[in-house]
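The points are grouped by topic.

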Amino acid sequence: LTFAICTDRNGYVPTHMNRVSKPQGADPVWNAAHGRNRLIACDRTGRTCGRNTEPFVVQTYRRDMGGGTFVMMKDASAPIWVNGHHWGGFRIGYSAT
(Lines give C-alpha, C1' and ligand atoms only; values in the text may rest on other atoms or scores of the structure.)
Protein backbone atom coordinates (compact mmCIF):
# COMPACT_ATOMS: atom_id res chain seq x y z
CA LEU A 1 0.00 0.00 0.00
CA THR A 2 1.48 3.32 -1.07
CA PHE A 3 -1.26 5.68 0.06
CA ALA A 4 -4.81 5.96 1.38
CA ILE A 5 -6.45 9.38 0.96
CA CYS A 6 -9.76 11.14 0.50
CA THR A 7 -10.45 13.61 -2.28
CA ASP A 8 -13.43 15.86 -2.87
CA ARG A 9 -15.25 16.08 -6.22
CA ASN A 10 -12.73 18.68 -7.45
CA GLY A 11 -9.65 16.58 -6.64
CA TYR A 12 -8.75 18.45 -3.42
CA VAL A 13 -6.73 16.25 -1.01
CA PRO A 14 -6.93 17.95 2.41
CA THR A 15 -4.37 15.68 4.07
CA HIS A 16 -2.07 12.86 3.07
CA MET A 17 -0.10 10.12 4.82
CA ASN A 18 2.47 11.28 7.41
CA ARG A 19 5.54 10.44 5.35
CA VAL A 20 4.49 12.88 2.58
CA SER A 21 2.81 15.52 4.74
CA LYS A 22 5.73 17.93 5.15
CA PRO A 23 5.04 21.68 4.75
CA GLN A 24 5.34 22.74 1.13
CA GLY A 25 8.13 25.04 0.06
CA ALA A 26 9.22 26.85 -3.08
CA ASP A 27 10.68 23.75 -4.82
CA PRO A 28 7.99 21.90 -6.81
CA VAL A 29 10.22 18.81 -7.14
CA TRP A 30 10.61 18.56 -3.35
CA ASN A 31 6.88 19.22 -2.87
CA ALA A 32 5.96 16.38 -5.24
CA ALA A 33 7.97 13.94 -3.14
CA HIS A 34 7.37 15.28 0.39
CA GLY A 35 4.54 17.86 0.59
CA ARG A 36 1.30 16.37 -0.71
CA ASN A 37 -1.14 17.94 1.80
CA ARG A 38 -3.67 20.39 0.37
CA LEU A 39 -2.94 19.07 -3.12
CA ILE A 40 -5.35 19.40 -6.05
CA ALA A 41 -5.26 16.05 -7.86
CA CYS A 42 -6.35 17.44 -11.23
CA ASP A 43 -5.05 14.51 -13.26
CA ARG A 44 -7.44 12.03 -14.90
CA THR A 45 -7.10 9.50 -12.07
CA GLY A 46 -7.81 12.06 -9.33
CA ARG A 47 -10.80 13.55 -11.17
CA THR A 48 -12.24 10.11 -11.87
CA CYS A 49 -11.95 9.13 -8.20
CA GLY A 50 -13.54 12.34 -6.94
CA ARG A 51 -16.44 12.27 -9.39
CA ASN A 52 -17.17 8.53 -9.50
CA THR A 53 -20.56 7.48 -8.06
CA GLU A 54 -20.33 3.79 -8.99
CA PRO A 55 -19.55 1.33 -6.14
CA PHE A 56 -15.82 1.38 -7.06
CA VAL A 57 -13.33 2.09 -9.82
CA VAL A 58 -9.82 0.65 -10.38
CA GLN A 59 -7.32 2.59 -12.48
CA THR A 60 -3.67 2.28 -13.53
CA TYR A 61 -1.55 5.39 -13.90
CA ARG A 62 1.98 6.79 -13.85
CA ARG A 63 2.62 8.65 -10.57
CA ASP A 64 5.13 11.50 -10.29
CA MET A 65 7.28 10.83 -7.22
CA GLY A 66 9.38 13.99 -7.65
CA GLY A 67 12.87 14.46 -9.00
CA GLY A 68 12.02 12.90 -12.37
CA THR A 69 11.01 9.59 -10.77
CA PHE A 70 7.76 7.95 -11.86
CA VAL A 71 6.18 4.67 -10.77
CA MET A 72 3.28 2.68 -12.18
CA MET A 73 0.40 2.61 -9.70
CA LYS A 74 -2.95 0.93 -9.28
CA ASP A 75 -5.65 3.08 -7.71
CA ALA A 76 -8.81 1.58 -6.21
CA SER A 77 -11.44 4.07 -5.09
CA ALA A 78 -14.99 4.24 -3.83
CA PRO A 79 -17.34 7.21 -3.47
CA ILE A 80 -17.91 9.02 -0.19
CA TRP A 81 -21.51 10.00 0.55
CA VAL A 82 -22.37 12.52 3.30
CA ASN A 83 -26.05 12.84 4.26
CA GLY A 84 -27.06 11.49 0.84
CA HIS A 85 -24.80 13.89 -1.09
CA HIS A 86 -21.75 12.79 -3.05
CA TRP A 87 -18.71 14.45 -1.42
CA GLY A 88 -15.86 12.75 -3.31
CA GLY A 89 -13.91 9.52 -3.05
CA PHE A 90 -11.64 7.38 -0.90
CA ARG A 91 -8.48 6.26 -2.76
CA ILE A 92 -6.06 3.45 -2.06
CA GLY A 93 -2.92 3.40 -4.18
CA TYR A 94 -0.57 0.46 -4.53
CA SER A 95 2.37 -0.43 -6.72
CA ALA A 96 1.52 -1.97 -10.08
CA THR A 97 4.80 -3.92 -10.19
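Is His-34 buried, partly exposed or exposed? His-34 is partly exposed, with a relative accessible area of 31%; buried means under 20% relative accessible area, exposed over 50%, and partly exposed in between, with a 1.4 Å probe and protein chains only. The model is predicted: local features need pLDDT of at least 70, side-chain atom pairs count only at pLDDT 80 or more, and totals for chains, interfaces and linings use all residues. Residues are numbered from 1 along each chain as its sequence is written, and side-chain values use heavy atoms, with hydrogens and water left out.

**Overall architecture**

- The protein contains two helices and six strands, where helices (H or I, at least four residues) and strands (E, at least two) are DSSP runs numbered from the N terminus.
- Along the sequence, these elements follow the pattern β-β-α-β-α-β-β-β.
- Of the 97 residues in the protein, 35% are buried.
- Among contacts (heavy atoms within 4.5 Å) with a separation of 6 or more, 47% are between residues 24 or more positions apart.

- His-34 belongs to helix α1, which spans residues 28-34.
- The C-alpha atoms of His-34 and Met-65 are 8.8 Å apart, although 31 residues separate the two along the chain.
- In α2, the buried residues include Thr-45, Gly-46, Cys-49 and Gly-50.
- These residues cover an arc of only 125° around the axis, so they are on the same side of α2; the arc is that of the directions from the helix axis to the C-beta atoms.
- An α-helix has 3.6 residues a turn, so residues three or four places apart point the same way.

**Cysteines**

- The whole structure contains zero disulfides, a disulfide being a pair of cysteine sulfur atoms within 2.5 Å.
- Cys-6 is in no disulfide, and the nearest cysteine sulfur, that of Cys-49, lies 8.5 Å away.
- Cys-6 is partly exposed at 31% relative accessible area, whereas Cys-49 is buried at 1%.

- Ser-77 lies in strand β5, residues 69-82, and is buried with a relative accessible area of 4%.
- Leaving aside residues up to four places away in sequence, Ser-77 touches Cys-49, Pro-55, Phe-56, Val-57, Phe-90 and Arg-91.
- One salt bridge is found in the whole structure, defined as a side-chain nitrogen of Lys or Arg within 4 Å of a carboxyl oxygen of Asp or Glu.
- This salt bridge joins the side chains of Arg-91 and Asp-75, at 2.7 Å from N to O.
- Arg-91 lies in strand β6 (residues 85-95) and Asp-75 in strand β5, so the pair ties together parts that are 16 residues apart in sequence.
- Both Arg-91 and Asp-75 are buried.

**Nonpolar surface patch**

- Phe-56, Val-58 and Tyr-94 form a nonpolar patch on the surface, with about 310 Å² of accessible area together.
- Patches are made of residues with over 30% relative accessible area and no salt bridge; like charges are joined within 9 Å, and nonpolar side chains (Val, Leu, Ile, Met, Phe, Trp, Tyr) within 5 Å.
- Phe-56 sits in the loop between α2 (44-51) and β4 (57-66) and is exposed, with a relative accessible area of 58%.

Notes
Areas by Shrake-Rupley, 256 points an atom, 1.4 Å probe, with all protein chains shown as cover.
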